[in-house]
Amino acid sequence: GNAVPDSAITEGTLNQVDGYLDTGADPQELKAVLVMLTGEESEDSEDSETQLTGTIGDIDPGQSLILMTGEGDRCVNFSAAGIEVFETSQGGEGGLLFSQQDVTALMSGQMANAFGELDSEGCLKAHTIIYEAEAEIQPI
């Protein structure tokens with residue numbers, strides 16, 4: 001994706017927001033880590049973009065991983081050269097940090113969101129993976 005100016009966010013623009021709700025603020029605030037603008041609505045816009053959320057299981061470095069979701073395990077395919085990987089972590093004063101990482105930063109046990117399109121076999125062909133640094137589970 002590309003960074004866009006704040007002026008690109010207007011009423012009626014289709015979007016997807018990744019972040020958390022700060023219930024301690026008055027009024028409550030949505031702390032956005034990532035805002036994805038999908039542009040104009042088309043008849044097939046709902047079918048073209050899919051998000052899977054879960055815990056990373058097995059990884060085939062640079063090619064694929066298994067994402068364990070609430071609906072079962074899902075395969076996620078990607079190319080190391082064609083995927084963007086981002087890490088979210090807690091920053092100072094309750095904020096979130098968002099940094100681009102190499103695909104080698106993905107590890108089993110991390111909570112992650114994968115974005116892309118489903119292929120004919122039901123696997124997600126991912127263009128973006130966002131994982132949570134704090135949710136990493138260390139092997140025993």
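1. Contact means heavy atoms within 4.5 Å. On that criterion, residues 24 or more positions apart account for 49% of the contacts in the protein with a separation of 6 or more.

2. Basis of the note. The structure is a predicted model, in which local features need pLDDT of at least 70 and side-chain atom pairs count only at pLDDT 80 or more, while totals for chains, interfaces and linings use all residues. Residues are numbered from 1 along each chain as its sequence is written, and side-chain values use heavy atoms, with hydrogens and water left out.

3. Secondary structure. The protein contains nine strands and one helix; helices (H or I, at least four residues) and strands (E, at least two) are DSSP runs, numbered from the N terminus. The order of the elements from the N terminus on is β-β-α-β-β-β-β-β-β-β.

4. Surface and burial. The accessible surface of the protein is about 9100 Å², and carbon and sulfur atoms hold 48% of this surface. Accessible areas come from the Shrake-Rupley method with a 1.4 Å probe, and for residues only the protein chains shown count as cover. Of the 140 residues in the protein, 29% are buried. The classes are buried (under 20% relative accessible area), exposed (over 50%) and partly exposed (in between), with a 1.4 Å probe and protein chains only.

5. The largest nonpolar core. A nonpolar core is a set of buried Ala, Val, Leu, Ile, Met, Phe, Trp, Tyr and Cys residues joined through side-chain atoms within 4.5 Å. The largest one has 17 residues, of which L65, L67, V76, F78, I83, L106 and I129 touch the most other members. Two or more residues each come from strand 3, strand 4 (64–69), strand 8 (111–118) and strand 9 (124–132). Strand 9 gives the most to this core, namely four residues. In general terms, nonpolar side chains tend to be buried together in soluble globular proteins.

6. L106. Which residues are in contact with L106, leaving aside its neighbours within four places in sequence? They are I56, I59, L65, V85, I129 and Y131.

7. T55 in strand 3. T55 is found in strand 3, which spans residues 50–60. T55 counts as buried because its relative accessible area is 18%. Apart from neighbours within four places in sequence, T55 is in contact with I66, L67, M68, G109, Q110 and M111. T55 and I66 lie 11 residues apart in sequence, with a C-alpha to C-alpha separation of 8.4 Å.

8. G57 in strand 3. G57 also lies in strand 3 and is buried, since its relative accessibility is 10%. Its contacts, with neighbours within four places in sequence left aside, are I66, M68 and S108. G57 and M111 are 54 residues apart in sequence, and their C-alpha atoms are 9.7 Å apart in space.

9. The disulfide. A search of the whole structure finds one disulfide, defined as a pair of cysteine sulfur atoms within 2.5 Å. This disulfide is formed by C75 and C123, whose sulfur atoms are 1.7 Å apart. The pair links distant parts of the chain, 48 residues apart: C75 is in strand 5 (residues 72–77) and C123 is in the loop between strand 8 and strand 9. Why is the disulfide of C75 and C123 described as left-handed? The torsion about the S-S bond is about -95°, so the disulfide is left-handed. C75 is partly exposed because its relative accessible area is 23%, whereas C123 is buried because its relative accessibility is 10%.

10. The nonpolar surface patch. I9, V17, L21, L30 and V35 make a nonpolar surface patch of about 440 Å². Strand 1 (14–22) and strand 2 (29–39) are the elements that give two or more residues to the nonpolar patch. Patches consist of residues with over 30% relative accessible area and no salt bridge; like charges are joined within 9 Å, and nonpolar side chains (Val, Leu, Ile, Met, Phe, Trp, Tyr) within 5 Å. A salt bridge is a side-chain nitrogen of Lys or Arg within 4 Å of a carboxyl oxygen of Asp or Glu.

11. L21 and L14. L21 is in strand 1 and is partly exposed because its relative accessibility is 48%. L14 is likewise in strand 1, and L14 counts as partly exposed at 29% relative accessibility. The C-alpha atoms of L14 and L37 are separated by 5.9 Å, with the two residues 23 residues apart along the chain.
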